[in-house]
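Here's a quick briefing to read with the model open. Take a look at the structure first, then work through the points below.

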Amino acid sequence: MKSRKLLMIPGPIEFEPKVLQALGAPTTSHVAPNFIESFGNCIALMRKVWQTSTGQPFVVAGTGTFAMDMAAANLIEPNDHVLVISTGYFGERFAEISKRYGANVTILASDAGNVVSLEDIEKEIASKKYKLITITHVDTSTGVLVDPKPIIELAKKYDTLSILDGVCSVAGEEIQQEAWGIDVVLTASQKAIGVPPGLALLVVSQKAMEVFKNRKKPVGNYYADFNNWLPIMQAYENRQPSYFGTPPVNLIAALEVSLQQIVAEGMENRFSRHQKIASAFREAMIALGLKLLPVHKSLSANTLTAVYFPENITGSAFLGHIGKNDVILAGGLLPSHKTLYFRVGHMGSVNNNDIIAVIAAIESALFAGKFPFEMGTGLKTALKILND
Ligand code: PMP
């Protein structure tokens with residue numbers, strides 16, 4: 001009997017066996033030739049995944065929060081104006097981080113499940129000289145997907161740097177960093193990038209690097225300072241050994257394998273696989289009579305889905321029953337709605353079997369909770385979309 005449960009939360013996700021093998025391989029020195037080659041390859045592969053030829057990648061031990069912290073520490077100086085477009089929990093976090101570096105922060109927050117209107121963003125960004133704007137591409141607390149393109153256009157129009165929190169989107173949702181003109185796109189390893197937790201990954205435009213180089217004050221965070229990491233990234237890219245802080249050797253070896261797999265699949269194929277699986281899952285939930293947290297399907301992410309618990313079934317009992325069916329899902333995260341909904345991650349190496357197993361487990365939990373529905377409705381809806 002398989003003792004393993006299917007992990008379908010919005011990160012960490014299920015990882016590819018070859019990625020886990022790389023992680024479990026004997027640790028080499030961080031200046032060993034094979035490691036230098038892996039690190040150099042990661043930097044080149046990141047540019048392909050982020051779709052930029054000129055951006056500067058950074059690979060540093062840390063989580064997604066550290067990637068946010070690193071972007072803020074290097075680009076914000078005291079009294080800079082920062083505009084945070086918030087669609088949930090992680091937008092609020094970016095505001096907190098920005099304040100730590102002395103920014104005057106304005107938050108434009110949407111209602112739960114919705115996005116901030118472009119009109120409101122333009123009104124605000126035109127009202128004073130903003131140094132930068134932050135956007136959460138997919139807020140993992142709500143499952144809301146923001147279209148960053150028109151917001152980035154506004155940032156360019158008003159000469160404001162842009163940071164895209166892509167922790168729940170990079171390598172799952174379409175991002176063309178260079179073509180769209182985004183200054184920083186950041187993520188963490190444990191989501192659609194497909195590597196166990198522990199890596200903060202950022203790609204920074206040359207324009208943002210110039211702004212950083214022209215800072216008036218030193219960066220107020222020693223570990224995050226680009227001055228410490230830029231020479232390391234450049235050295236490894238040129239296949240030279242270097243040291244600032246010991247790199248997480250095994251995680252970087254695993255990252256190389258995962259990035260190679262992502263590039264081999266092709267970015268277009270990868271995005272459409274995510275879209276198809278997400279659409280099958282969303283339509284299955286709707287067919288079962290459940291309600292999504294995003295107020296409109298067009299605002300629903302392709303990397304995770306947030307669904308309200310059915311009426312008259314308590315969340316813990318529902319998720320407990322799903323767990324007994326060997327599927328692990330996540331509860332709510334948005335403080336105002338925390339107990340009202342659950343979240344399903346479907347990103348990275350997710351396949352049709354995984355999503356079918358999730359829908360089957362949800363149908364079992366609905367049946368156990370005496371929810372009025374016809375068994376098989378969700379599965380039938382999803383299978384039609386997946387086999388189209
Ligand atoms: N931003 C978003 C959109 C996220 O989903 C997360 C993690 N769920 C973070 C930031 C923070 O990442 P971490 O938990 O790795 O610090």
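Start with R270, which touches A171, A192, I262, E265 and G348, leaving out residues up to four places away in sequence (contact means heavy atoms within 4.5 Å). Keep in mind that this is a predicted model, where local features need pLDDT of at least 70, side-chain atom pairs count only at pLDDT 80 or more, and totals for chains, interfaces and linings use all residues. Residues are numbered from 1 along each chain as its sequence is written, and side-chain values use heavy atoms, with hydrogens and water left out.

**R270**
- R270 sits in helix α11, residues 267–287 (helices are DSSP runs of H or I with at least four residues, strands are runs of E with at least two, and both are numbered from the N terminus).
- R270 counts as buried because its relative accessibility is 6% (buried means under 20% relative accessible area, exposed over 50%, partly exposed in between, with a 1.4 Å probe and protein chains only).
- Its side chain reaches the backbone oxygen of A192 at 2.8 Å.

**The ligand site**
- Which residues surround the ligand? They are T63, G64, T65, M68, F90, T136, V138, T140, D165, V167, Q190 and K191 (a residue is near a molecule if one of its heavy atoms lies within 4 Å of it).
- By class, this shell holds four nonpolar, six polar and two charged residues (Ala, Val, Leu, Ile, Met, Phe, Trp, Tyr, Cys and Pro count as nonpolar, Asp, Glu, Lys and Arg as charged, and the others, Gly among them, as polar).
- Helix α3 (residues 64–75) gives the most to the shell, with three residues.
- Oxygen atoms of the ligand lie 2.6 Å from a polar side-chain atom of T63, 2.2 Å from one of T140, and 2.9 Å from a side-chain N or O atom of Q190.
- The protein covers 86% of the 390 Å² of accessible area that the ligand has on its own (areas come from the Shrake-Rupley method with a 1.4 Å probe).

**A three-stranded sheet**
- Three strands make an open, antiparallel sheet in the order β11-β14-β13 (strands pair if DSSP finds at least two bridges between them).
- β11 (304–308) and β13 (330–331) each have a single partner strand, so one side of each has no neighbour in the sheet.
- Two bridges join β13 to β14 (residues 341–345), and G331 has F342 as its bridge partner in β14.

**M375**
- M375 lies in the loop between α13 (352–368) and α14 (377–386).
- Beyond its neighbours within four places in sequence, M375 is in contact with E363 and F367.

Note on methods:
A polar contact is a pair of N or O atoms within 3.5 Å; within protein, one must be able to donate a hydrogen and the other to accept it, and residues adjacent in sequence count only if both atoms are side-chain atoms.
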